[in-house]
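Here is a short briefing on a protein model.

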Amino acid sequence: MAEHLFRIAPSDASRATILLVPPLFDEANRLRRTLALAMRALAAEGFAAVLPDLPGQNESLIALEDVDLECWRDALAEVAAGIDGPVVIASIRGGALIDHRAEAIAWWRLAPVGGASLLRTMLRARVTADREAGIESSLDSLQAAARDAPLLLAGNALSPTMVAQLGAAEAQPVTPLRAIGLGADGIAGTPLWLRAEPGEDAAMTAAIAADIAAWSKTCGIS
């Protein structure tokens, strides 16, 4: 089943398509507006930009508990294969865990994070929420429960396979790659994925688009 693709194209022929891989789970919601604004900025630079819904996310008709990281890697590779012309993959945070199977002429990663770190953050949030509700839980008890049944973390029902894969997942080597963080030596902006509610950051939006465009040109796209 084909998932929804949000696409913004320049008024003239595009130099290349930037395939944006969003952060995973609840972090994706917090950055979606910023990514949409970055896509518009990329279109102004002559690039088409595509932001796909992953199976089980957003408008998908597939239940999240029925997918895992391997499913997402295959889905992203299918999206990339369906794009005409050169593709540059731009992944944010946990998106870097699923971007290596797709074919591209270059990769760009912002603040890539390991799966174990993402999982630990969601488990801690669940323990805190349980405590506030008067329920006793721990990281160990939740991980034990996740071996046999879907586990609800940050509003996401994750299958035992997804939890196990996430705990072991690391961003895989790809080339050519530009990996960049936030701050003085990286992208100017704030870590919106840490906020409780979705937000936007104009400086971060501009910096993301400018850095992707510059990296694409370095990789031979004129």
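The model is predicted.

**H1 against H6**

- Helix H1 covers residues 26-44 and helix H6 covers residues 202-218.
- The two pack at an angle of about 50°, and their axes lie 8 Å apart.
- H1 and H6 are therefore oblique to each other.
- Their crossing is right-handed.
- On the H1 side, the contact uses Thr34, Leu37, Ala38, Ala41 and Leu42.
- On the H6 side, the partners are Thr205, Ile208, Ala209, Ile212 and Ala213.
- By class, the residues of this H1 and H6 contact are eight nonpolar and two polar, with no charged residue.

**H2 against H5**

- Helix H2 (residues 69-81) packs on helix H5 (residues 160-168) at an angle of about 80°.
- The axes of H2 and H5 are 8 Å apart.
- The pair is therefore roughly perpendicular, because an angle from 65 to 115 degrees falls in that class.
- H2 brings Leu69, Glu70 and Trp72 to the contact, and H5 brings Met162, Gln165 and Leu166.
- The contact of H2 with H5 has four nonpolar residues, one polar and one charged.

**H3 against H5**

- Helix H3 (residues 115-132) also packs with H5, at an angle of about 125°.
- The axes of H3 and H5 are 5 Å apart.
- That angle makes H3 oblique to H5.
- From H3, the residues in contact are Gly115, Ala116, Leu119 and Met122.
- From H5, they are Val163, Leu166 and Gly167.
- Five of the residues in the contact of H3 with H5 are nonpolar and two are polar, while none is charged.
- Leu166 of H5 takes part in the contact with H2, and Leu166 also meets H3.

**Backbone geometry**

- Most residues other than glycine have a negative phi, and most peptide bonds are trans.
- What kind of peptide bond joins Thr175 and Pro176? The bond is cis, with omega about -5°.
- Pro176 sits in the loop between H5 and strand E8 (177-180).
- Arg93 is not a glycine, yet its phi is positive, near 50°.
- Arg93 belongs to the loop between strand E4 (87-92) and strand E5 (106-110).
- Is Arg93 buried or exposed? Arg93 counts as buried because its relative accessibility is 14%, and the cut-off for buried is under 20%.
- Ala154 is another residue with a positive phi, about 50°, although it is not a glycine.
- Ala154 lies in the loop between strand E6 (151-153) and strand E7 (156-158).
- Ala154 has a relative accessible area of 39%, so it is partly exposed.

**Cysteines**

- How many disulfides does the count give? The count comes to zero disulfides, where a disulfide needs a pair of cysteine sulfur atoms within 2.5 Å.
- Cys71 has 29% relative accessibility and so counts as partly exposed.
- Cys219 has a relative accessible area of 22%, so it is partly exposed.

**Leu110 in strand E5**

- Leu110 lies in strand E5.
- Leu110 counts as buried because its relative accessibility is 0%.
- Leaving out residues up to four places away in sequence, Leu110 touches Ser91, Ile92, Arg93, Ile180, Gly181, Leu182, Ile187, Met204 and Ile208.
- Among them, Arg93 has the positive phi noted above, and Ile208 takes part in the contact of H6 with H1.
- Leu110 and Gly220 are 110 residues apart in sequence, and their C-alpha atoms are 21 Å apart in space.

**Leu37 in helix H1**

- Leu37 is found in helix H1 and is one of the residues there that meet H6.
- At 25% relative accessibility, Leu37 is therefore partly exposed.
- Leaving out residues up to four places away in sequence, Leu37 touches Glu200 and Thr205.
- Leu37 and Ala104 are 67 residues apart along the chain, with 23 Å between their C-alpha atoms.

Note on methods: Residues numbered from 1 in each chain as written. Predicted model: local features only at pLDDT ≥ 70, side-chain atom pairs only at ≥ 80, totals over all residues. Heavy atoms only, no water. Axes fitted to C-alpha atoms, helices over the stretch in contact; angles between N-to-C directions. Helix = DSSP H or I, 4+ residues; strand = E, 2+ residues; numbered from the N terminus. Parallel < 35°, antiparallel > 145°, perpendicular 65-115°, else oblique. Left-handed = near helix turned anticlockwise from the far one by under 90°. Contact = heavy atoms within 4.5 Å. Nonpolar A, V, L, I, M, F, W, Y, C, P; charged D, E, K, R; others polar. Buried < 20%, exposed > 50% of the residue type's maximum accessible area, 1.4 Å probe, protein only.
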